[in-house]
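Please look through the sequence and the structure before reading on.

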Amino acid sequence: MPMKRERVLEALIRESGMEAGRGAELGVMRGRVLFHLLDAFPMIHMIGVDKWERAEEYEDRDMPAIGREVIAKAEDYGGRSKIIHASTVVAAAGV
């Protein structure tokens, strides 16, 4: 069985010794990877970017509600987590 994305990233971060630093996830959806990394590495700071907009491939999901849930959960991590509610292009222009 293949490893889940968050486990692969965790292993790569551990191998690199970059357990304290900054990272970003583009296209957060429900935040599975984002929150896993924040939990696994207490010294890491993460930026999550998503626009949580309705799209054809997600027509069965309430994307705005999912976005609100992720934004609320990110607050639990204080200054270690920043959520940018925008497309990746718009978010990159503001960096």
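What follows is a walk through some parts of this model.

The model is predicted, so local features need pLDDT of at least 70 and side-chain atom pairs count only at pLDDT 80 or more, while totals for chains, interfaces and linings use all residues. Residues are numbered from 1 along each chain as its sequence is written, and side-chain values use heavy atoms, with hydrogens and water left out.

Begin with the strands. Helices (H or I, at least four residues) and strands (E, at least two) are DSSP runs, numbered from the N terminus. Strands β1 and β2 run parallel and are joined by five bridges; two strands pair if DSSP finds at least two bridges between them. In this pairing, Leu26 is opposite Val49 of β2. Strand β2 is also joined to β3 by five bridges, and these two run parallel. Here Met46 is opposite Ser81 of β3.

A right-handed β-α-β unit is made by β1, α2 and β2. Right-handed means that, with the strands pointing away from the viewer, the path from the first strand over the helix to the second runs clockwise.

Strand β2 covers residues 45-50, and His45 belongs to it. Is His45 buried or exposed, or something in between? His45 is partly exposed because its relative accessibility is 27%; buried means under 20% relative accessible area, exposed over 50%, and partly exposed in between (1.4 Å probe, protein chains only). Leaving aside residues up to four places away in sequence, His45 touches Gly21, Arg22, Gly23, Gly79 and Arg80, where contact means heavy atoms within 4.5 Å. Gly78 is 33 residues from His45 in sequence, and their C-alpha atoms are 9.8 Å apart.

Now turn to helix α2, residues 32-40, whose buried residues are Val33, Leu34, Phe35, His36, Leu37 and Leu38. Which elements do these buried residues pack against? The partners are α1 (5-16), β1 (22-26), β2, α3 (63-74) and β3 (81-85).

Two packed helices are described by the angle between their axes and the distance between the axes. For α1 and α2 the angle is about 35° and the axes are 9 Å apart. Axes are lines fitted to C-alpha atoms, for helices over the stretch in contact, and angles run from 0 to 180 degrees between N-to-C directions.

On the α1 side, Arg5, Glu6, Arg7, Leu9, Glu10, Ile13 and Arg14 meet Arg32, Val33, His36, Leu37 and Ala40 of α2. This contact has five nonpolar, one polar and six charged residues. Ala, Val, Leu, Ile, Met, Phe, Trp, Tyr, Cys and Pro count as nonpolar, Asp, Glu, Lys and Arg as charged, and the others, Gly among them, as polar. Glu6 of α1 is counted as buried because its relative accessible area is 6%. Glu6 touches Arg32, Val33, His36 and Leu37, again not counting residues up to four places away in sequence.

Two loop residues remain. Most residues other than glycine have a negative phi. Met29, in the loop between β1 and α2, is not a glycine but has a positive phi of about 50°. Met29 is buried, at 18% relative accessible area. Trp52, in the loop between β2 and α3, is not a glycine either and has a positive phi of about 40°. Trp52 is buried, at 2%.
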